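Here are a few friendly notes to read alongside the model. They follow the ligand and its surroundings.

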Amino acid sequence: MPKTGSGLSRRNLLMLAGAGATSLALPFPRPAIAQSKPVKVGLLLPYSGTYAQLGEAITRAMELYVKQQGGKLAGREIDFVKVDSEASPPKAPKLTTKLVEGEKVDVLTGPVHSGVAMAMSKIARETGVPTIISNAGANDLTRRLCAKNIFRTSFGNSQVGAATGMAMLEAGIKNAVTFTWKYAAGAQSVAGFSRAFTQGGGKIVKDITVPFPTVEFQAALAEIASLKPDAVYSFYAGGGALKYIKDYAAANLKASIPLWGPGFLTDGIEAKAGKAGDGVKTVLHYVDDLDNPENKAFRAAFKEAYEIWPDVYAVQGWDTMHLLDVGLQGVGGDAGKRDELNAAMAKAEFKSPRGPFRLSPAHQPIQNFYLRELKDGSNVYIKTVVEGLEDSMTGCRLAS
Ligand code: BEZ
């Protein structure tokens, strides 16, 4: 309930009016101050550690989106409050509370890491603050823990894993070793992959994990060499992915055992991977050379602003602000009207650089997935693996 300048809530004042203060004109005008103050958007993102580059890309695209709208969304300035999540789940409750209660943000966004997202979203559900998840793929957030104020502009971990499994089957791969970081995102990614791959007749030779965020891959690579699977499926991202791709090439495995994974394996590190990355095949809801006008304009604007090309994380940041823009337009810029803001965002449909953007009843993107190959420092489109892939929404009561 927004407070008026007098310290009384709008509902209290309306009740007073109903109790005999008939000289008060209704409808009660919203206080000018609430409409002229910037909308505060709290960002809980990694600005240090292995996922720092991901947090930076999301932030840059969010800022660029607002700049392109003349610095305002629905007539309101946007004030970004940035907090470094350090991709650390234990720190997430305190940092989220700092944004929600300390900074009194109108809208919460981030994070990158699924464990951080679980903690952040608990506070979002308890406080009702409208929340847009701009990366973390933790399945439950749009399944059993879905909520009317929680939205996602990215993906579900299993959703990407399943799409990658389909593409590997289509490529004729019969068996695979999975090798990933041992935490929620890796486990869910492998589970989604394994289900789709084995249902289509594929066989999992072995699941290998290393703790997050270790980059000690040598022992596992030696084991993979001895197991000789048709291919390897790996979930890594950011700085860890770069080290992994280089180690995989240095271990001379690339030619004999093709490396596959969700596109996080190569996004944002394409150029730095150099020759080591050539031939790595991935599946994702974005690819650099998607032939649509939104992608072309977005890429040109991002390159011009930051002198680097955008990646999937930047697209998700861009779409986070686009979704918020649609929501704020729906409430005339009044972020205090949470129910109406949530309702407007739930119905949003727009053209994203990734292709058409719309949400399931659980607030999860229903989206296309593309097969890409890393060539000369760029992820190149090969084909569309699946169009409009929905997540299961299992246990989400919004969906019933
Ligand atoms: C996750 O923790 O959900 C995640 C992190 C980086 C890339 C993709 C997913």
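Where does the ligand sit?

1. The ligand sits in the largest cavity. Sitting there means that more than half of its atoms lie within 2 Å of the cavity's grid points. A cavity is a set of points, on a 1 Å grid over the protein atoms alone, where a 1.4 Å probe fits but cannot get out, and lining residues have an atom within 4 Å of a point.

2. A word on the basis: this is a predicted model, where local features need pLDDT of at least 70 and side-chain atom pairs pLDDT 80 or more, while totals for chains, interfaces and linings use all residues. Residues are numbered from 1 along each chain as its sequence is written, and side-chain values use heavy atoms, without hydrogens and water.

3. The largest cavity holds about 100 Å³ of space. Its lining has 16 residues, with Val112, Asn135, Phe155, Tyr183 and Phe235 nearest the centre. Domain 1 (35-155 + 290-359) and domain 2 (158-284) both contribute to this lining, so the cavity lies between them; the bounds come from an automatic or database domain assignment.

4. Now look at the polar contacts (pairs of N or O atoms within 3.5 Å). A polar side-chain atom of Tyr183 is 2.5 Å from a ligand oxygen. Polar backbone atoms also take part: one of Gly137 lies 2.9 Å from an oxygen of the ligand, and one of Val112 lies 3.3 Å from a ligand oxygen. The protein covers 100% of the 260 Å² of accessible area that the ligand has on its own (Shrake-Rupley method, 1.4 Å probe).

Technical notes:
Polar contact = N/O pair within 3.5 Å; in protein donor to acceptor, adjacent residues only side chain to side chain. 1 Å grid on protein atoms, 1.4 Å probe; cavity = no way out; pocket = protein on both sides within 12 Å on 5 of 7 lines; lining within 4 Å. Points joined across faces, edges and corners; volume = space filled by probe spheres on them.
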